[in-house]
Amino acid sequence: MSEFQRPRGTRDFSPEEMQKRRYVENALMTTARNFGFSEVMTPTFENTDLFIARSGPEIVDEMYEFEDKGGRRIALRPEITASVIRYYVNELQTRPKPLKLYYMGNCFRYERPQSGRYREFFQFGAEIVGSPSLSSDAEVLALASSCLRGIGLKNVKMRVGHLGILKGVFEEMKLDEIVQTDIRRLVDKRDFEELGTLAAESDISDENMDRLVDLVSLKGGAEAIGKAKEVLGRADPSLNYLSRLLERLALYGVGDAEIDLGVARGLDYYSGMVFEIDAPSLGAEKQVCGGGSYTLSEVFGGEEVFSTGFAFGFDRLMLAMENDGVDIPSAKLETYVIPVSDTARAKCILIVSELRNAGVSADIDLMGRKMGKALAYADSLNFRTAIIVGENELEDEKATVRDMASGEQESVPFAELARYFCTEL
Ligand code: HAM
């Protein structure tokens with residue numbers, strides 16, 4: 001084995017894997033474009049401050065962070081939302097609102113690698129910047145749901161919550177900001193044991209803590225909202241908001257979103273609706289998507305605008321699709337041109353060039369292989385047909401076109417090859 005190994009938590013992707021990844025990426029992008037979103041791209045690294053400003057200590061602790069040769073603190077992006085909003089504040093603020101943006105890119109987090117958790121991973125995400133909350137929250141959830149439908153991943157669960165509900169409880173309990181953030185983090189991890197310890201340390205009464213645990217344990221359909229009102233002992237604007245959101249989602253044909261008041265998210269910038277999507281087949285790292293509404297632009301020096309968005313963990317989507325047996329068609333290359341003799345090579349180069357110019361995927365033997373070996377090679381690369389040209393073919397001015405699956409062969413005049421393959425396509 002070579003002494004040069006790739007860094008821990010990174011991966012190489014084979015041609016077959018890349019073909020599948022590009023297929024899925026394309027399907028996601030097509031759905032986003034159909035929803036009126038446009039693609040943006042931001043740098044892979046940013047000034048560290050961008051992520052320190054509001055993302056929260058969890059992300060900051062995991063950051064690949066270093067000083068560059070000019071003495072600047074630089075971080076490989078752990079996520080892309082902060083970059084998109086920085087870009088918005090710097091250059092896109094004057095554009096008509098709402099801005100509907102999507103992106104695909106690699107992200108870096110120094111986590112303990114395991115299946116579905118990498119140090120370099122990929123996110124496909126979307127953000128709506130600058131339109132009222134209910135409409136854009138619903139649109140973003142509908143996009144996430146349609147993306148999953150578009151790639152054929154059915155075994156998923158979308159859980160929607162609202163941070164305003166916890167906030168209301170925190171205000172009633174008069175908790176300071178640090179304790180609030182700690183509680184949110186423990187709720188996000190479902191670590192109720194540690195929550196109990198924190199309650200004891202922070203003088204939170206058992207009664208209040210029980211109420212909080214009851215609240216964040218509530219899940220289900222619209223009835224969960226009614227139960228939450230009972231636990232709170234009052235109506236709550238965030239609960240009403242969730243009711244209206246579910247109604248909107250029904251109009252979009254998204255009927256499978258579940259209320260989960262325990263969604264608290266690991267990033268600190270969220271302020272309203274929050275959601276996660278799980279693919280249960282993935283086991284421990286089952287969260288394939290996370291998102292919600294936030295305001296970040298004011299942190300980066302812009303005017304405060306309402307934003308909402310999500311990011312899919314692209315690698316986890318691929319794993320979940322594989323686990324669920326979702327079919328991804330393999331790319332068939334059209335034809336492999338085999339010169340049987342040296343004298344046929346010149347004609348074969350003319351043929352392959354003509355086909356390529358006509359938009360047909362065509363390759364040519366570069367190794368001077370004998371026919372049997374050349375056909376085996378073409379088969380291994382999934383070519384649909386082979387074009388064979390030897391002395392007889394040169395004489396007749398016809399190529400032998402072989403169907404790789406059936407082995408059937410037919411003669412096609414050289415002059416008609418391009419038309420033959422173009423009508424076959
Ligand atoms: P996030 O939940 O931190 O949210 O990440 C989004 C998704 O990225 C996760 O649900 C998960 O599928 C995937 N992911 C995270 N860490 C890893 C890892 N180490 N390996 C593989 N996949 C991973 C965000 O990043 C927000 N920016 C989402 C957002 C956009 N919120 C609003 N707009």
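User: What distance separates the centres of domain 1 and domain 2?

Analyst: This is a predicted model. The protein chain is divided into domain 1, covering residues 15-323, and domain 2, covering residues 333-424. Taken over C-alpha atoms, the centres of domain 1 and domain 2 are separated by 51 Å.

User: How many helices and strands are there in the protein chain, and why is the chain described as more spread out than a compact globule?

Analyst: The protein chain has 16 helices and 17 strands. For 425 residues the globule rule gives 22 Å, and the radius of gyration is well over that value, so the chain is more spread out than a compact globule. The radius of gyration of the protein chain is 28 Å.

User: What are the rough dimensions of the box that the C-alpha atoms fill?

Analyst: The box is taken along the principal axes of the protein chain. Its dimensions are roughly 95 × 55 × 45 Å.

User: Is Ser83 buried or exposed?

Analyst: Ser83 is found in helix H4, which spans residues 81-92. A residue counts as buried under 20% relative accessible area. The relative accessibility of Ser83 is 0%, and therefore Ser83 counts as buried.

User: Which residues is Ser83 in contact with, leaving aside its neighbours within four places in sequence?

Analyst: Contact here requires heavy atoms within 4.5 Å. With those sequence neighbours left aside, the partners of Ser83 are Thr42, Glu46, Leu50 and Phe51.

Definitions and conventions:
Residues are numbered from 1 along each chain as its sequence is written. This is a predicted model: local features need pLDDT of at least 70, side-chain atom pairs count only at pLDDT 80 or more; totals for chains, interfaces and linings use all residues. Side-chain values use heavy atoms; hydrogens and water are left out. Domain bounds come from an automatic or database domain assignment. Helices (H or I, at least four residues) and strands (E, at least two) are DSSP runs, numbered from the N terminus. The radius of gyration is taken over C-alpha atoms; the globule rule is 2.2 Å times the number of residues to the power 0.38. Buried means under 20% relative accessible area, exposed over 50%, partly exposed in between (1.4 Å probe, protein chains only).
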